[in-house]
Amino acid sequence: MKKAFVEIIKQNERVIYKICYIYTTPELSVADLYQDVVCNLWAGFPKFRQECSVSTWIYRVAMNTCITETRKDIRRPKSSVPVANLAESLLSQESLSDDIREMYRLINRLRTVEKMVVLLYLEDKSYKEIAEITGLTVCNVATKLKRSREKLKEMSNL
Amino acid sequence: MELEELKVSWTELDDKLKKSEALNEVIVLEMMKNKAQVSVSKLINMEYMVLLAPIIMFPRSVSKLINSPDVHLLDVVMRSVILVTFIIIIICIIYNIILLKRVDISKKISVNIYNINKYNITRKRGGIIITVMLFIMLVLFLWIVALGGSLIAFIIVGSFVISIIAFIYWASKRSIHQKTIDSIIESFNEIKDLEDKD
């Protein structure tokens, strides 16, 4: 089971990283979020019954974890899992281009659900897949994307 | 910035991640190690709890053997067997705790696998010895009952005791304890596989 889990994480690590990156805050690093997401995936792995695709499940867990963690006022003490090496191994902010940082800045100003929808759109997910992951209707997804598109345009013109 | 422009930056981030090869299985590996260490601590606590019963019963058992000079020889044998069983249980548990304390996740994983396997074998051997002692106690008990009571009472009590021993044996086979040990061994083997791959 653990081997299968490691394999799944390895196959999806970039997706997890990207989701975590978008949800980082000054108080919450990518490393922290990445760790929380993997822990939650691990906890949920035995209960995962293939009712949806692995990728959908990972998106759901990753997004829910990131949203929950960013909403927490007080950070809970970290688990005893030592991740000293992890922060070093993840990409540093300095190594990212201005465009990526600008993208981060803009997406971060969106509301939680809009951010989720935009993120999945950037991942090339169809409206149907976005709806499946977020629990919204396809119509709702289209509306939210349209609204986010306008917001982003407005924000970048500022 | 349009959504399509964001997509370009998003792809750029993806490419960077592809090239960096930075993400690895550090978390999963550490998580597995951590889980195994927690399970080992749980086993140590279980052993301490099991140790309590014979330690509490031991002085009572000794005093009963010393302070009852007028009892039947069979009774003396029975009490001696109980006393010896307690001593064996205490020694076994202390040895098990020592073995478990040697398991340290920061050390080489093969050493930990060796220690946990040794613990598993010792525990099973201890179980066999205790089962033999229980069997001897059962025979003595039935003997005492047969000498002092009717045949029906002998059969009823005998069947009852045998059923209890059979149940305990069956339950211990499927116990959480054994599941925990199996899970630790499995974790250690998988950690070893992962570390070997690196």
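The legends below accompany close-up views of a predicted model.

Residues are numbered from 1 along each chain as its sequence is written, while chains are lettered from A and ligands numbered from 1 in the order in which they are written.

**View 1. Chain B and the confidence of the model.** The model scores ipTM 0.76 and pTM 0.55. Chain B has six helices and zero strands, where helices (H or I, at least four residues) and strands (E, at least two) are DSSP runs numbered from the N terminus, and its pattern along the sequence is α-α-α-α-α-α. The mean pLDDT of chain B is 78, with 81% of its residues at 70 or more; confidence is lowest in helix α5 (residues 151–173) of chain B, with a mean of 68, and highest in helix α3 (residues 73–101) of chain B, at 85. Of the 198 residues in chain B, 19% are buried, a residue being buried if 20 or more other C-beta atoms lie within 10 Å of its own, exposed if 12 or fewer, and partly exposed in between, with C-beta atoms placed from the backbone.

**View 2. Helix α2 of chain A.** Buried in α2(A) are A:V30, A:A31, A:L33, A:Y34, A:Q35, A:D36, A:V37, A:V38 and A:L41.

View 3. The buried residues of α8(A) are A:V141, A:K144, A:S148 and A:L152; because they cover an arc of only 75 degrees around the axis, they lie on the same side of α8(A), the arc being that of the directions from the helix axis to the C-beta atoms. On the other side of α8(A), the exposed residues are A:C139, A:K146, A:E150, A:E154 and A:N157.

**View 4. The loop residue A:D124.** A:D124 is found in the loop between α6 (112–122) and α7 (127–134) of chain A. Although A:D124 is not a glycine, its phi is positive, at about 65 degrees. A:D124 counts as exposed because it has 10 C-beta neighbours inside 10 Å.

How values were computed
Predicted model: local features only at pLDDT ≥ 70, side-chain atom pairs only at ≥ 80, totals over all residues. pLDDT = per-residue confidence, 0-100.
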